[in-house]
Amino acid sequence: MNEQFALEGKRALVIGASNTIGRAIAVALGEAGADVAVGTTMRTKDEETIANSCSNELWALDRKTFAQAVDAADEAEVESLIGRTISELGGLDVLVNAHDLPFAKPATEITTGEWRRVVEANLGGPFIACRAAAKHMLAAGSGSIINVASVLGERGLVNGAAYCAAQAGVLNLTRALALEWARSGIRVNAIGAGWTEGMGIVGGAESRAQLEHYLPYKRLAKPDEVAGMAVYLAGEASAYLTGQVVWIDGGALSHV
């Protein structure tokens, strides 16, 4: 059984390792034995710094790794990142899309440009990465794609029209690609993350207190509690699992 959860010899790419959940997933995959390349969601100095720090953690685990700052909604930059991953790591077995661009604004005030950017970053980016990775995985006859989505893809939120719509799209993108590639050996699943420590969508102290009061567990999730599921979905223990959304939400979706 331990061998089914081990990832030695696996080559992984985590896009969005510059946010709290993506970084935790990247490190967890490395701890399980995988070599892990990491990329950002946006090309900003802060995200680049976090991605580099994550890569340093992986290097300390004696894993092959590198960090590359990209705009994850830019087709050319994503294809370059995936190409570099295949070249430097020797292949690509696991793709994690942990893209996250938080956004909240009344619907009547959202500009068309803002809407497009939120949807491109949170939904278009994962599609671009899935498509680019699949070209290699289809040729190899195997692969695991893990999309990280928000609980807001299933539940609406005031002032969250753009973000909620994009996250809902990730859920059905996961299901559609899973069906399309099932006979080709590629598994596509999603982790539905509840409100988690460090997420931009959580907001300030007052918002956090309100969330914690609402949640059945009365606390936010820890990033490591989400990362463990990614290790499971990346390995052989989940070989017959595809097209599923696994919710790690502290019971939020069961709350009336």
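N189 is buried in this predicted model. Its relative accessible area is 0%. N189 belongs to strand β6.

Leaving out residues up to four places away in sequence, I186 touches A134, M137, L138, S142, G143, I145, W181 and T242. I186 and N19 are 167 residues apart in sequence. In space, 26 Å separates the two, C-alpha to C-alpha.

The burial extends along the strand. Eight of the eight residues of β6 are buried, so β6 is largely enclosed by the rest of the structure. I186, V188, A190 and G192 point one way from β6. R187, N189, I191 and A193 point the other way. Strand β6 pairs with β5 in the parallel sense, over eight bridges. In this pairing, V148 stands opposite I191 of β6.

These strands are part of an open sheet of seven strands. The strand order is β3-β2-β1-β4-β5-β6-β7, and the pairing is parallel. The edge strands are β3 (65-68) and β7 (245-248). Each of these edge strands pairs on one side only. From one strand to the next, the twist averages 15 degrees.

Elsewhere in the sheet, strand β1 (residues 11-15) pairs with strand β2 (residues 35-39). The two strands run in the parallel sense and share five bridges. A12 has V36 in β2 as its bridge partner. L13 has A37 in β2 as its bridge partner. Strand β2 is mostly covered, with five of its five residues buried. D35, A37 and G39 point one way from β2. V36 and V38 point the other way, and all are buried.

Helix α5 touches β1, β4 (94-97), β5 (143-150) and β6 (186-193). The direction of α5 makes about 175 degrees with that of β4. Helix α6 (residues 161-181) lies across β5, β6 and β7. Helix α6 runs at about 160 degrees to β5.

L123 lies in helix α5. L123 is partly exposed, with a relative accessible area of 23%. This value is not under 20%, so L123 does not count as buried. Not counting residues up to four places away in sequence, L123 touches V118, A166, G169, V170 and L173. L123 and T174 are 51 residues apart in sequence. Their C-alpha atoms are 11 Å apart in space.

Helix α5 also packs against helix α4. Two packed helices are described by the angle between their axes and the distance between the axes. The axes of α4 (residues 75-89) and α5 (residues 112-140) come within 9 Å. They cross at roughly 35 degrees. The crossing of α4 past α5 is right-handed. From α4, the contact involves E75, V78, E79, I82 and I86. From α5, it involves I128, A129, R131, A132, A133, K135 and H136. The residues of this contact divide into seven nonpolar, one polar and four charged.

Aromatic pairs were searched for over the whole structure, and two were found. One of the pairs is formed by W195 and Y214. Their ring centres are 6.4 Å apart, with 90 degrees between the planes. The pair is edge-to-face, because its planes are over 60 degrees apart. W195 sits in the loop between β6 and α7 (205-214). Y214 is in helix α7, and the two residues are 19 residues apart. The pair thus links distant parts of the chain. W195 is buried, with a relative accessible area of 9%. Y214, by contrast, is partly exposed, with a relative accessible area of 25%.

Notes:
Residues are numbered from 1 along each chain as its sequence is written. This is a predicted model: local features need pLDDT of at least 70, side-chain atom pairs count only at pLDDT 80 or more; totals for chains, interfaces and linings use all residues. Side-chain values use heavy atoms; hydrogens and water are left out. Axes are lines fitted to C-alpha atoms, for helices over the stretch in contact, and angles run from 0 to 180 degrees between N-to-C directions. Helices (H or I, at least four residues) and strands (E, at least two) are DSSP runs, numbered from the N terminus. A crossing is left-handed if the near helix is turned anticlockwise from the far one by less than a right angle, and right-handed if clockwise. Contact means heavy atoms within 4.5 Å. Ala, Val, Leu, Ile, Met, Phe, Trp, Tyr, Cys and Pro count as nonpolar, Asp, Glu, Lys and Arg as charged, and the others, Gly among them, as polar. Two strands pair if DSSP finds at least two bridges between them. Buried means under 20% relative accessible area, exposed over 50%, partly exposed in between (1.4 Å probe, protein chains only). Rings of Phe, Tyr and Trp (its six-membered ring) pair if their centres lie within 6.5 Å; planes under 30 degrees apart count as stacked, over 60 as edge-to-face and the rest as tilted.
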